[in-house]
Amino acid sequence: MLEAILNINIDLIEILIISMLPITELRFSIPYFILVEELSWQKVFTVSIIGNILIGTLIVTIIGPIMNFFKKNYYLRKIINYIINRTKNKSKMIEIYKFLGLVLFIGIPAPFTGVWTGSLAAYLLSFEKKKSYLGIIIGVMISATIVLIITLFVKELISLIFDF
């Protein structure tokens with residue numbers, strides 16, 4: 001058992017962690033690990049999706065409630081309120097279109113969108129957890145597919161131009 005744990009490929013852990021980071025998420029992990037590290041797109045795509053869905057569900061389940069708890073603390077109140085207000089301002093589409101808005105907000109890989117903000121918005125807007133999880137999964141799959149297609153296109157274009 002320990003031997004199996006110790007034989008985990010470090011690439012998988014790196015992909016998982018990078019895909020869970022705020023701001024970059026899988027919009028960075030997919031192109032980076034395919035184009036720079038030259039890993040197989042299947043591995044990168046799959047692990048990036050897992051990491052992104054994992055962090056989204058953790059935000060809805062754990063981080064959102066923890067932020068509300070810490071909002072009561074005098075010293076943390078300003079920071080937490082800033083994050084909450086920023087999230088609410090960025091997530092008007094989710095507020096208006098509900099589930100579809102959540103899917104599109106997470107699914108369209110544009111600046112200031114993604115699973116971190118979308119998941120926190122779903123929590124703050126009191127979405128049912130099942131709908132939040134489903135919206136996160138669908139949105140992440142859409143986003144990952146768009147990023148993968150663009151990445152593979154760029155990889156092919158580079159190989160054609162530079163004759164790799």
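This is a predicted model: local features need pLDDT of at least 70, side-chain atom pairs count only at pLDDT 80 or more; totals for chains, interfaces and linings use all residues.
The crossing of α6 and α8 comes first. Helix α6 covers residues 92-107, and helix α8 runs over residues 129-162. Their axes come within 7 Å and cross at roughly 35 degrees, with α6 passing α8 in a right-handed crossing. On the α6 side, the contact is made by Phe99, Leu102, Val103, Ile106 and Gly107.

Ser132 is worth a look of its own. This α8 residue has a relative accessible area of 0%, so it counts as buried. Setting aside neighbours within four places in sequence, Ser132 is in contact with Val60, Leu102, Ala122 and Phe127.

Over in the loop between α3 (25-36) and α4 (41-70) sits Leu39. Its relative accessible area is 14%, and because the cut-off for buried is under 20%, Leu39 is buried. Once residues up to four places away in sequence are left out, Leu39 touches Asp11, Ile15, Phe33, Ile34 and Val44. Asp11 is 28 residues away along the chain, yet the C-alpha atoms of Leu39 and Asp11 are separated by 8.5 Å.

Then there are the rings. A search of the whole structure turns up five aromatic pairs. In one of them, Trp41 and Phe45, the ring centres are 6.4 Å apart and the planes stand at 65 degrees; edge-to-face takes an angle over 60, so this pair qualifies. Both residues lie in helix α4, four residues apart, or about one turn of the helix. Trp41 is partly exposed at 36% relative accessibility, whereas Phe45 is buried at 16%.

Phe69 and Phe70 form another edge-to-face pair, with 5.4 Å from centre to centre and 70 degrees between the planes. Here Phe69 is exposed, with a relative accessible area of 54%, while Phe70 is partly exposed at 34%.

Ring pairs also link Phe28, Tyr32 and Phe33 into a cluster. Phe33 has turned up already, as one of the residues that Leu39 touches. Finally, a charge meets a ring: Lys90 lies over the face of Phe112, 4.6 Å from the ring centre.

Notes:
Residues are numbered from 1 along each chain as its sequence is written. Side-chain values use heavy atoms; hydrogens and water are left out. Helices (H or I, at least four residues) and strands (E, at least two) are DSSP runs, numbered from the N terminus. Buried means under 20% relative accessible area, exposed over 50%, partly exposed in between (1.4 Å probe, protein chains only). Contact means heavy atoms within 4.5 Å. Axes are lines fitted to C-alpha atoms, for helices over the stretch in contact, and angles run from 0 to 180 degrees between N-to-C directions. A crossing is left-handed if the near helix is turned anticlockwise from the far one by less than a right angle, and right-handed if clockwise. Rings of Phe, Tyr and Trp (its six-membered ring) pair if their centres lie within 6.5 Å; planes under 30 degrees apart count as stacked, over 60 as edge-to-face and the rest as tilted. A charge sits over a ring if NZ of Lys or CZ of Arg is within 6 Å of the ring centre and within 35 degrees of the ring normal.
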